[in-house]
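Let's walk through this protein together, one question at a time. Keep the sequence and the 3D view open as you read.

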Amino acid sequence: MARFLKNKKASIGKAPEELIFIGERKVNEASLKLIDYGSETILEKDLSAIKDALSCIEGHTVTWINIYGIHNTKLINEIGEAFNIHPLTLEDILHTGQRPKMEEYDDYLVFILKIMNFDETMETIKSEQLSLILGRSFLITFQERSSDIFKPVINRIRKNKGRIRERASDYLAYALLDTIIDHYLLVIGKLGDKIEEIESDLISNPSKEILTKIYRYKQEISYLRKSIRPTKNFILQLCKIDTEFFKEETAPFLKDLLDLSTQAREIVDIYGVILTDYLNFYDSVTNNKLNEIMKILTIFSVTFIPLTFIAGIYGTNFEYIPELKYKYSYFIFWSVLILTGIGMLAFFKRKKWL
């Protein structure tokens, strides 16, 4: 199956209530982690069941529940029942090829986007789906596997750095989205370094290997664009809507998030244009080389046409050729050939064809 589209064969014709996982299973067992915090308190623990977190939600703290491994449809269904999550939202969470988007329901906002990573060895972009459900006092995140991408945010919560412990769950959602967008810029930068390295090789030695790299990087840029464009669009939508799930004091931070996502999209588009320019330059250099070769071959051909003509006349088998008995005929013949060749080359030089 292509990278741009997940195989949905198993879900064709199924009802939304019949939850089906679509994607690659990346962990053996699903796990739940809880971080519950306020300005003065913090609680971290692993959960054996989602019901163990319900008592925290009823308090005045911010409750963050992180689920690693979304292949367990039974667990996802239990979470849906516990938090009154719509079946269509659960279906989107389980479909790892879902397009990035934001949707608003009566009890929550849902965000679906991609976590991007750059494989230095293979020089390819790899992605995982992240789903966030923002309630009035809680945030639930669904990840395909455990990762360190949110470690800086967790450390800020633990060490009570900045304003995160003073704010509500909407600020936590912003902090996670900000981390994702920052990571986009990091991945784009790594891929951009690889793209810019092509330029010197392209000028000095435009080989087929360079052409292969250009096409591969163009595919990676398209893969990035597929996720970054809709992400930027839903952040723009988030800045415009009037919703109770984001407080007015968080609005300036959302605008900063929009600036970052716009920057990410613009840089991706710029690198796409650069790769197209590289491809055009490669075609131009290749065509110029071909033209040089054709020019040399044409010059040789045109130069030897009159020489061949003269030699053909000289070599005809007429019975009476006056020059055959002349002592210096052979030397005169070669003098005519050489002078004709020099004259042709001088003519080409004068016309600036050489």
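Helices, with at least four residues, and strands, with at least two, are DSSP runs numbered from the N terminus. Please bear in mind that this is a predicted model.

Q: Is Tyr-326 buried, partly exposed or exposed?
A: Buried means under 20% relative accessible area and exposed means over 50%. Tyr-326 has a relative accessible area of 48%, so this residue is partly exposed.

Q: Is Glu-144 buried or exposed?
A: Glu-144 is in the loop between strand S7 (138-143) and helix H4 (151-159). Its relative accessible area is 6%, and the cut-off for buried is under 20%, so Glu-144 is buried.

Q: Which backbone nitrogen does the side chain of Glu-144 reach?
A: Setting aside neighbours within four places in sequence, Glu-144 is in contact with several residues, including Glu-24, Thr-96 and Glu-128. One side-chain partner is Lys-26, with a polar contact at 3.4 Å. The backbone nitrogen, reached at 2.7 Å, belongs to Gln-129.

Q: Which element gives the most to the largest nonpolar core?
A: That core has 64 residues, and Trp-64, Phe-111, Leu-113, Leu-172 and Leu-224 touch the most other members. Elements that each supply at least two residues include strand S1 (31-37), strand S3 (62-68) and helix H6 (208-240). The most, 17 residues, comes from H5.

Q: How many residues are in the other core, which lies apart from the largest one?
A: In soluble globular proteins, nonpolar side chains tend to be buried together. Here a further core lies apart from the largest one, and among its members are Cys-56, Ile-67, Ile-76 and Ile-133. The number of residues in this other core is 27.

Q: Is Gly-192 buried or exposed?
A: You will find Gly-192 in helix H5. The relative accessibility of Gly-192 is 1%, and under 20% is the range for buried, so Gly-192 counts as buried.

Q: How far apart in space are Gly-192 and Ile-22, C-alpha to C-alpha?
A: In sequence, Gly-192 and Ile-22 are 170 residues apart. In space, their C-alpha to C-alpha distance is 31 Å.

Notes
Residues numbered from 1 in each chain as written. Predicted model: local features only at pLDDT ≥ 70, side-chain atom pairs only at ≥ 80, totals over all residues. Heavy atoms only, no water. Buried < 20%, exposed > 50% of the residue type's maximum accessible area, 1.4 Å probe, protein only. Polar contact = N/O pair within 3.5 Å; in protein donor to acceptor, adjacent residues only side chain to side chain. Contact = heavy atoms within 4.5 Å. Core = buried A, V, L, I, M, F, W, Y, C linked by side-chain atoms within 4.5 Å.
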